[in-house]
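Hello,

Here is the structure you are taking over. My notes follow below it.

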Amino acid sequence: MMQAVMTTPGVIEYREVPVPEVGPDQIKVKMKKIGVCGSDIHVYHGKHPYTSYPVVQGHEVSAEVVEVGSNVQDFVPGDKVTIQPQVVCGKCYPCTHGMYNDCEVLKVMGFQTTGMASEYFVTEAAKALKLPDHMSYDHGAMIEPLAVAVHAVRRAGDMEGKQVLVLGGGPIGNLVAQTARAMGAKRVLLSELSAYRLETAHTCGIETVNPNERDLLEAIEDTFGSDRADYIFECVGINQTMDQAIRYARKGSTIMVVGVFGDLGTINMGFVQDHELTLKGSAMYRVEDYVKAIELVGDGKIEFDALITDHVPFTRYLDAYKLIDEQKDRAMKVIIDMEE
Ligand SMILES: [Zn+2]
Ligand SMILES: [Zn+2]
């Protein structure tokens, strides 16, 4: 089978490798779609701090089961699935306390261990989740980023009747806004600078503000009233938006740190103390977040199509990165098609 190997930053070689054998607790899948995300681009540019080369990428996937191991009861050939890309130890403190997404020696497929950019892939059946038959493979590949959003929204707390501010309208910010709404938020406002991403949020039915055009605090108070937002999600990963989150929080707001920060930030700790803010991080997801993500999509509560901006065939993998670099904010989610 063909496998796409990034041998060094910016270079992908296609290698012919044997199709792996299926163990008793494993399944073999035929890969259908692979989503490309910001972390993949860091690997492409050689700027991902925890990835060495050569590396096989691919962690947002949909696939079809083609073979199941002798002990596997939950899957049959023909099932549509997505696969959780985390490889965890099962022994450390987070793993033994229901937080395996924070495993002390966490490996993620496509970064620290072999990803799924190959025609076939063999995985533990326990990492696979069945997708409904009517779900398209494109949407199946979007379940992973949606699970990131679901995890963040659940960690924030109960959404019922709450007011939610989302800072950042990239794929994750957009999906956080949609998820908060789907899980009962009364009002959701998304702040973003890119006209294209604001338009995408509109298409998804999300209220927006461009803080370059309008004072952010004024927009917050117009939308939510003087009580502002109960929950604020930082989905960019830069100091400026983290600062906005803390500055424009209400006393007692909860701030979720969802963005991936490349630099050390400086924030107003005085506000965190005096305004009794709750500051929580959110990292990846657990199986229950995948289950909820699949359920939300099944219930028609998430708009994916507006986020899928481009398709690139597997044989031209690098074009996905070139396209994202060229298109910048206009490339939301690029999907690699395994079959042309
Ligand atoms: Zn990703
Ligand atoms: Zn662990």
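**Notes on the model**

Ser-62 has 0% relative accessibility and so counts as buried (under 20% relative accessible area is buried, over 50% exposed, in between partly exposed; 1.4 Å probe, protein chains only). This is a predicted model, in which local features need pLDDT of at least 70 and side-chain atom pairs count only at pLDDT 80 or more, while totals for chains, interfaces and linings use all residues. Residues are numbered from 1 along each chain as its sequence is written, chains are lettered from A and ligands numbered from 1 in the order written, and side-chain values use heavy atoms, without hydrogens and water.

A polar atom of the Ser-62 side chain lies 2.7 Å from the backbone oxygen of Tyr-137. Beyond its neighbours within four places in sequence, Ser-62 is in contact (heavy atoms within 4.5 Å) with residues including Lys-32, Val-81 and Leu-131.

The zinc ion (ligand 2) is coordinated by the SG atoms of Cys-89, Cys-92, Cys-95 and Cys-103, at 2.3 to 2.4 Å. Donors here are N, O and S atoms within 2.8 Å of the metal (3.2 Å for Na, K and Ca); water is not among the atoms, so sites may look incomplete. The angles between the four donor atoms are 104 to 118 degrees, so the arrangement is tetrahedral (all angles between 85 and 135 degrees). Along the chain the spacing of the donors is C-x2-C-x2-C-x7-C. Cys-92 is buried, at 13% relative accessible area, whereas Cys-89, at 30%, counts as partly exposed.

Regards

Key: Polar contact = N/O pair within 3.5 Å; in protein donor to acceptor, adjacent residues only side chain to side chain. Tetrahedral: all angles 85-135°; square planar, octahedral: opposite > 155°, others 65-115°.
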